[in-house]
Amino acid sequence: MNEQNTSFRIKYIKTKKKLRKIVTYKSDNPELRIRHEKIAAFLNSNFTPSKFTKAYVKNKSIYHNARTHMYNDIFISLDIKDFFGNINHKLLINLLYYELNKKDKDTINKLECGKVVSHCSVSEKGIPLGFITSPILSNIYLKEFDNILYGKLKKLNLKNVMYTRYADDLVISFKNSFNGDSKLKSDNDENIISIVQKLLSRFNLKLNPSKTRRVSFEKSNHVKITGVNIIRDVYNQRRLSVGRKLKNDLFHMAIKCHEQEIKDMYEVMKIKGLESFIISIEKKGYEEIFSINMKDKIGELGFESLHDLIKNMRY
């Protein structure tokens, strides 16, 4: 089902559990997109994101999000329910006005803030997934939340407490200092979740309880944070990994592309992009998990490594 507008199109994409509302610009009427590009440039030049957010920030990624928590032992992952769709316009206008006038009090007035929010919305509530302006507006909306939450977490006297937010995904981690006291652990978890819930309510937001989870290195040797695994070995050494499956998928895609002499630009770029992503997380040595048969296969094709094979792909 698509709703029509002169400048944008609303699509409903079916996911595993629900329909996701996505907004796309119409290519034959670029006026709205151009306006949004100018608004986004203005916002970026006058706003400094919180140090806790790792999404939609220059030189930050899921790698930095996971790396922040790398040397802790207990991880609590939380998810904001329908974050973009529940952003309150009145509150966003106030936060926009406050944040943009920090350096210069005459940067923008309340009326202009209202126009920005109106131009960047498609309804009276929420901001749409798909608009150029939505990522930075979401970070403006939760900057105060990020700072207040970290302050509250620091008061709990948790050892090496860390907090990050990647869009609507929140991660709180700390070192284990409970000495096996299960009740103390449970009470601490409930206290943290309660603090987050109460603070979110001030921003007209709620947690998605079905996505709340706790992982401890007492019981597991890895934890996944926004798609990146923190792995702990028997010597308590830590490393980041994308996981075995993704690397195996890359191997099979690349071998198939080479053997079938596929020259499709999008397929080749997909493979090169996937390898770049894996290298950005693991930095080096991602091929170490390949089996002897997989390594022999690469050799039979005349290459010393899968990386060399992928580097020689052309379209």
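1. Helices here are DSSP runs of H or I, at least four residues long, numbered from the N terminus. By that count, H36 has its place in helix 1. The model is a predicted one.

2. H36 first. Its relative accessibility is 0%. Buried means under 20%, so H36 counts as buried. Beyond its neighbours within four places in sequence, H36 is in contact with Y25, H119, C120, F131, I132 and T133.

3. Next, the chain as a whole. Its secondary structure comes to ten helices and ten strands. The C-alpha trace spans about 65 × 60 × 40 Å along its principal axes. Of the 315 residues, 42% are buried. Take the contacts with a separation of 6 or more: residues 24 or more positions apart account for 65% of them.

4. Helix 4 covers residues 110-119. Which of its residues are buried? They are C113, V116 and V117. Seen down the axis of helix 4, these buried residues fall within an arc of 95°, so they line one face of the helix. An α-helix has 3.6 residues a turn, so residues three or four places apart point the same way. The cover over the buried residues of helix 4 includes helix 1 (31-46) and helix 3 (89-100).

5. The N-terminal end of helix 4 is capped by N109. One of the side-chain oxygens of N109 lies 3.1 Å from the backbone nitrogen of L111.

6. S123 sits in the loop between helix 4 and helix 5 (134-154). Its relative accessible area is 36%, so S123 is partly exposed. A polar atom of the S123 side chain lies 2.8 Å from the backbone oxygen of K125. S123 and G85 are 38 residues apart in sequence, yet 9.6 Å apart in space, C-alpha to C-alpha.

7. Now the pairing of helix 7 (residues 244-259) with helix 8 (residues 265-282). Two packed helices are described by the angle between their axes and the distance between the axes. For this pair, the axes come within 10 Å and cross at roughly 150°. Angles over 145 degrees count as roughly antiparallel. Helix 7 and helix 8 are therefore roughly antiparallel to each other. Their crossing is left-handed.

8. What meets what between these two helices? Helix 7 brings L246, K247, L250, M253, A254 and C257. They meet residues of helix 8 that include V268, I271, L274, F277 and I278.

Technical notes:
Residues are numbered from 1 along each chain as its sequence is written. This is a predicted model: local features need pLDDT of at least 70, side-chain atom pairs count only at pLDDT 80 or more; totals for chains, interfaces and linings use all residues. Side-chain values use heavy atoms; hydrogens and water are left out. Buried means under 20% relative accessible area, exposed over 50%, partly exposed in between (1.4 Å probe, protein chains only). The arc is that of the directions from the helix axis to the C-beta atoms. Contact means heavy atoms within 4.5 Å. A polar contact is a pair of N or O atoms within 3.5 Å; within protein, one must be able to donate a hydrogen and the other to accept it, and residues adjacent in sequence count only if both atoms are side-chain atoms. Axes are lines fitted to C-alpha atoms, for helices over the stretch in contact, and angles run from 0 to 180 degrees between N-to-C directions. Angles under 35 degrees count as roughly parallel, over 145 as roughly antiparallel, 65 to 115 as roughly perpendicular and the rest as oblique. A crossing is left-handed if the near helix is turned anticlockwise from the far one by less than a right angle, and right-handed if clockwise.
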